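Please open the model in a viewer and keep the selection panel at hand. The stops below are given in the order in which they may be selected.

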Amino acid sequence: MSTQYDAVVVGAGFGGMGAAIQLTRLGFDNLLILERESDLGGTWHVNHYPGLAVDIPSATYSYSFEPNPNWSRLFAPGQELKRYASHVADKYGLRKYMRFNTVVTGAVWDTDHWVVSLRDGMPVTAKYLLTATGFLSQPKMPNIAGVDTFEGKVIHTAAWDDGYDLAGKRVAVIGTGATAVQLIPELSKVAAELTVYQRTPIWVSPKLDFPVPPALRRAFATVPLTQRLARFTGSAILELLMVSGVLHYKQLRAANRVGELWCRAHLRRQVRDPELRRKLTPDYSFGCKRPTFSNTYYRAFTRPHVTLETTSIAKIDPTGIVTTDGQRRDIDVLVLATGFDLWDANFPAFEIIGKEGRDLGKWWRDNRFQAYEGVTIPKFPNFISLNSPYSYSGLSYFTTIETQMRHIDRLFTAMHKRGATDFEVTQSANDAFLTRMTEKLGDSVFVLGHCATANSYYFNPHGEATLLRPSSTVSALREAGSFPIADYTLTR
Ligand code: NAP
């Protein structure tokens with residue numbers, strides 16, 4: 001087979017678009033971006049449940065090279081993110097590369113290029129393969145007995161039915177993660193009865209959110225430095241939170257404690273009933289699982305028609321939910337805020353076979369989850385895996401994206417200078433990186449805190465918290481622009 005494309009990028013969310021922008025900057029124009037959904041935007045296309053918004057300040061949760069002066073609030077609602085994604089695709093000329101409704105089923109390295117199989121249609125070939133399939137992209141259905149037998153309306157938050165009217169309905173929500181925290185206050189406004197089934201409580205911080213005044217928007221548009229300042233401030237606060245409260249738990253346990261006390265005070269202010277407060281208080285350390293922000297979540301449970309149920313679910317039957325204490329509750333609508341399959345359905349999102357027949361998913365599971373600088377893996381030449389172990393750097397996903405763009409830039413520029421066409425990370429560089437990350441993780445709340453009861457998706461099936469890179473975003477960005485080129489074998 002001849003090589004059809006310079007590069008195939010899988011995923012047209014912000015990660016895939018960032019990678020594609022970087023490739024065009026490097027001079028590639030024979031690209032193909034494959035997307036299983038009907039449009040671009042990734043998570044911001046798929047998710048449109050009531051209450052959806054960012055929980056990272058918008059000036060920070062966006063590309064640094066494409067600031068948007070028009071965010072309506074400090075934490076923009078979901079539709080604005082979707083519009084921003086469309087704007088970026090248009091401005092950077094990415095749409096012409098995109099093929100929607102195209103499901104990739106596998107990829108195999110074949111001598112000097114990648115062969116990418118599609119569910120419908122002929123395989124495509126490319127010199128380089130970049131996967132940006134996201135972490136939170138495969139909705140998880142709960143493994144609860146009888147869930148399939150429920151005869152009322154079932155809605156997963158990642159497939160929200162905008163046309164369905166919840167007014168006056170008896171609604172049950174399963175799950176109390178970041179999605180539920182945004183959704184529950186909205187549902188409480190319309191449902192006749194709302195019962196929330198909680199397995200693990202979540203740490204919730206107040207959300208300092210407000211509409212961006214028109215004068216400030218004008219300043220952002222006319223004096224870009226002002227928005228850069230806002231971005232810098234947002235990034236610095238997030239960095240401080242992450243580095244002091246989570247990554248340097250060993251040295252700065254007090255900072256983690258401040259995070260916890262901050263959330264406890266918020267709960268105390270919003271909920272007077274001590275029993276309800278007790279139920280809503282996590283028993284694991286702050287930061288073991290992703291904390292969230294809301295001014296309305298706790299308060300929703302104080303409304304008379306809203307019930308927090310903490311007894312485990314025994315089964316679901318055609319008309320309701322039965323808990324292990326034998327109580328049953330009739331409902332009209334079952335909302336599954338049960339999140340996403342990270343480790344079972346991703347890593348990788350489809351079968352990827354490298355040199356010598358190495359199967360990436362099997363190799364990660366038989367060995368340890370690992371990737372050099374969170375992007376490349378030995379025996380997988382010309383492959384950039386953007387959703388790898390240790391790739392997620394900091395709290396805003398855009399920090400990760402731009403770090404990876406810089407890595408791509410350095411790697412491809414070095415190849416270009418040396419007249420090389422192929423790259424493969426060396427085993428020794430990969431091993432040294434893994435050792436370093438493992439050591440750093442040893443200082444974090446994930447190893448030293450009380451995380452056993454958190455049920456956190458940060459932990460892989462081996463029990464290691466390998467989703468987040470345990471270093472500051474500043475050092476990750478610096479390394480992306482300065483890693484030794486000798487860490488790669490570059491060939492023609
Ligand atoms: P999640 O954090 O994984 O939460 C899923 C919830 O469902 C958990 O409370 C989980 O309980 C519960 N659950 C799952 N299976 C269950 C079962 N069989 N029985 C009972 N409960 C079950 O998913 P999410 O809330 O969708 O959030 C995922 C991530 O999306 C967030 O962490 C965040 O990164 C991102 N997000 C971001 C924003 C934003 O504003 N930027 C908004 C929403 C989501 P356990 O904890 O006990 O497993």
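## The ligand and its shell

Begin at alanine 53, where a polar backbone atom lies 2.7 Å from an oxygen atom of the ligand. This is a polar contact, that is, a pair of N or O atoms within 3.5 Å; within protein, one must be able to donate a hydrogen and the other to accept it, and residues adjacent in sequence count only if both atoms are side-chain atoms. The model is a predicted one: local features need pLDDT of at least 70 and side-chain atom pairs count only at pLDDT 80 or more, whereas totals for chains, interfaces and linings use all residues. Residues are numbered from 1 along each chain as its sequence is written, and side-chain values use heavy atoms, with hydrogens and water left out.

Select aspartate 55 next: one of its polar side-chain atoms is 3.1 Å from a nitrogen atom of the ligand. At threonine 179, a polar side-chain atom is found 2.6 Å from an oxygen atom of the ligand. Taken alone, the ligand exposes 900 Å², of which the protein buries 88% (areas by the Shrake-Rupley method with a 1.4 Å probe; for residues, only the protein chains shown count as cover).

Now display the whole shell, which consists of 26 residues, the closest being Ala53, Thr179, Thr200, Lys289 and Tyr457 (a residue is near a molecule or strand if one of its heavy atoms lies within 4 Å of it). The shell comprises 11 nonpolar, 10 polar and 5 charged residues; Ala, Val, Leu, Ile, Met, Phe, Trp, Tyr, Cys and Pro count as nonpolar, Asp, Glu, Lys and Arg as charged, and the others, Gly among them, as polar. Helix H4 (residues 178-190) gives the most to this shell, with 3 residues (helices, H or I, of at least four residues and strands, E, of at least two are DSSP runs, numbered from the N terminus).

## Aromatic rings

Colour the aromatic residues: the structure holds 38 aromatic pairs. Rings of Phe, Tyr and Trp (its six-membered ring) pair if their centres lie within 6.5 Å; planes under 30 degrees apart count as stacked, over 60 as edge-to-face and the rest as tilted. Select tyrosine 128 and phenylalanine 412, whose ring centres are 4.9 Å apart with planes at 75°, so the pair is edge-to-face. Because tyrosine 128 belongs to strand E6 (residues 124-131) and phenylalanine 412 to helix H11 (residues 397-418), the pair ties together parts that are 284 residues apart in sequence. Both tyrosine 128 and phenylalanine 412 are buried (under 20% relative accessible area; exposed is over 50% and partly exposed in between, with a 1.4 Å probe and protein chains only).

Move to tyrosine 457 and tyrosine 458: their ring centres are 5.4 Å apart and their planes at 85°, so this pair is edge-to-face. Tyrosine 457 is partly exposed at 32% relative accessibility, whereas tyrosine 458 is buried at 8%.

Select Phe14, Trp44, Tyr61, Tyr63, Phe65, Trp71, Tyr84, Tyr92 and Phe398 together; they form one aromatic cluster. Over the face of phenylalanine 65 lies arginine 25, at 4.4 Å from the ring centre (NZ of Lys or CZ of Arg within 6 Å of the ring centre and within 35 degrees of the ring normal).

## Backbone stops

Which peptide bond is cis, with omega near -10°? The bond from phenylalanine 347 to proline 348 is, and proline 348 is placed in the loop between strand E16 (333-336) and strand E17 (351-353).

Finish at asparagine 382, in the loop between helix H10 (360-366) and strand E18 (383-385). Phi of asparagine 382 is positive, near 55°, in a residue other than glycine. Asparagine 382 is buried, with a relative accessible area of 0%.
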